[in-house]
Amino acid sequence: MKRQGPTNTANSSKREYCDLVKGSWVPDPRPPQYTNSSCRYIQGHQNCMKNGRPDTGFMYWKWQPQQCDLPRIDAQAFLIAMRNRSMTFAGDSIARNQFQSLLCILSQVEVPDHTYNAPDDRDNIYVFRTYDFTVAIYWSPYLVHVEDKDITWPDNKTQSVAHIHVDKLDRAWTDRISGVDILQISTGQWWFKRGLFLKGNKPMGGHICDGWKECEKEIGFADPYRLAIHSLLKNSLSIPGYTGTTILRSFAPDHFEGGAWDSGGRCVRTTPGGVSISSLTNWMYEIQTEEFQNVTGAMSESEKQRIKLLDITNLAQIRADGHPDVYMKFQPFSKEMKQPPQKDCLHWCLPGPIDTWNDLLVESLHDKIHNY
């Protein structure tokens with residue numbers, strides 16, 4: 001992922017390319033751009049400070065690329081540059097986590113109108129009226145079409161399992177992006193669940209085929225995931241009415257140590273570093289980057305200008321300190337809590353390291369966001 005950085009030419013508005021991915025986290029004395037008091041869009045399970053997290057040092061780091069500086073979003077300048085335009089996020093709860101981070105940053109300039117809120121709260125649209133800038137989030141954890149259908153176990157008991165069409169994009173978001181200027185898509189952890197995969201409406205096989213009758217062949221999730229990423233990248237630019245720029249956000253790692261999410265794993269670090277990238281995270285990341293190269297390599301130059309990779313995997317891997325852990329719940333060690341506290345080492349505290357993803361997103365879009 002590259003952006004154009006300032007040249008050394010006096011009074012020049014041109015920007016030269018800089019690799020934003022290669023770098024390190026360095027201490028930053030500046031406070032976050034918002035707090036849990038100044039932003040109303042933080043969900044309870046990501047409101048780490050309100051929930052009692054005792055340390056604050058995780059908020060005082062910045063990503064420093066090797067060749068240039070990564071500026072924070074200038075919220076007002078961004079809103080001015082995005083006047084009469086729109087941005088959409090499509091994905092799972094981590095996409096929503098990033099969406100809410102962006103809302104928090106921008107709402108320090110203007111509180112947007114909440115123009116749509118789905119009954120299940122998964123789809124939301126906000127409009128910054130002064131700037132006529134619309135930002136939306138649509139729930140689509142696989143990004144491709146999924147049908148929840150019953151499967152049958154040997155004892156004839158049934159269970160609902162996702163039937164995932166790897167070559168069909170999910171209309172939950174494709175039907176709603178006509179005229180959108182910037183589209184960010186992301187999908188990851190939901191592919192680890194039990195599922196049956198289909199291509200051309202015909203079953204390919206399944207993942208976790210542990211006895212259910214409809215799954216005739218265990219194929220795992222990697223090949224279906226690769227096909228889905230390929231389909232997403234290849235077809236997203238030809239969705240009717242959509243002429244904007246598509247950004248694929250790379251895989252977001254978790255940081256459970258000492259066990260998995262359901263077997264005692266926790267994330268108690270208070271400074272960056274210390275957790276090696278897992279083979280699973282690396283696997284997912286490689287699939288995404290390989291397919292991005294495969295698909296864009298076959299595109300015309302004009303098509304290549306409309307598609308980008310937001311590469312956050314490795315810089316996010318370093319930030320094991322940025323998750324809620326037990327502070328996904330209010331005062332998790334209070335006497336009123338009768339059950340052992342849950343832990344969240346997948347989503348991110350707000351404010352926190354995920355704010356940097358939006359800095360990277362905006363900085364990588366300089367060729368699309370004029371006058372910013």
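Student: Which residues are buried in H8?
Tutor: Buried means under 20% relative accessible area, exposed over 50%, and partly exposed in between, with a 1.4 Å probe and protein chains only. The buried list reads Ile 354, Asp 355, Thr 356, Trp 357, Asn 358, Asp 359, Leu 360, Leu 361, Val 362, Glu 363 and Ser 364.

Student: What pLDDT do local features need here?
Tutor: Residues are numbered from 1 along each chain as its sequence is written, and side-chain values use heavy atoms, with hydrogens and water left out. This is a predicted model, in which totals for chains, interfaces and linings use all residues, side-chain atom pairs count only at pLDDT 80 or more, and local features need pLDDT of at least 70.

Student: How far apart are the end C-alpha atoms of H2?
Tutor: The expected span is 1.5 Å times one less than the number of residues. H2 covers residues 93-106, so its 14 residues should span 20 Å. The model agrees, with the end C-alpha atoms apart by 20 Å.

Student: Is H2 enclosed or open, judging by how many of its residues are buried?
Tutor: Of the 14 residues in H2, 13 are buried. The rest of the structure therefore leaves H2 largely enclosed.

Student: Which residue caps the N-terminal end of H2?
Tutor: Look for a side-chain oxygen facing the backbone nitrogen of Ile 94, at 3.0 Å. The oxygen belongs to Asp 92.

Student: Which residue of S8 is the bridge partner of Thr 88?
Tutor: Two strands pair if DSSP finds at least two bridges between them. S5 (residues 86-91) and S8 pair in the parallel sense over six bridges. Within S8, Thr 88 is partnered by Ala 136.

Student: Which residue has a positive phi in the hairpin of S7 and S8?
Tutor: S7 (residues 124-128) pairs with S8 in the antiparallel sense over five bridges, and Val 127 stands opposite Thr 134. The hairpin has four residues between the strands, and the phi near 50 degrees belongs to Asp 132.

Student: Is Leu 143 buried or exposed?
Tutor: Leu 143 sits in the loop between S8 and strand S9 (144-152), with a positive phi near 70 degrees. Most residues other than glycine have a negative phi. With a relative accessibility of 0%, Leu 143 counts as buried.

Student: What relative accessible area does Ile 208 have?
Tutor: Ile 208 also has a positive phi, about 60 degrees, and belongs to the loop between strand S13 (202-207) and helix H4 (222-235). Ile 208 is partly exposed, at 29%.

Student: What is omega for the bond joining Leu 350 and Pro 351?
Tutor: Pro 351 lies in the loop between helix H7 (313-317) and H8. Most peptide bonds are trans. The bond from Leu 350 to Pro 351 is cis, with omega about -5 degrees.

Technical notes
Helix = DSSP H or I, 4+ residues; strand = E, 2+ residues; numbered from the N terminus. Polar contact = N/O pair within 3.5 Å; in protein donor to acceptor, adjacent residues only side chain to side chain.
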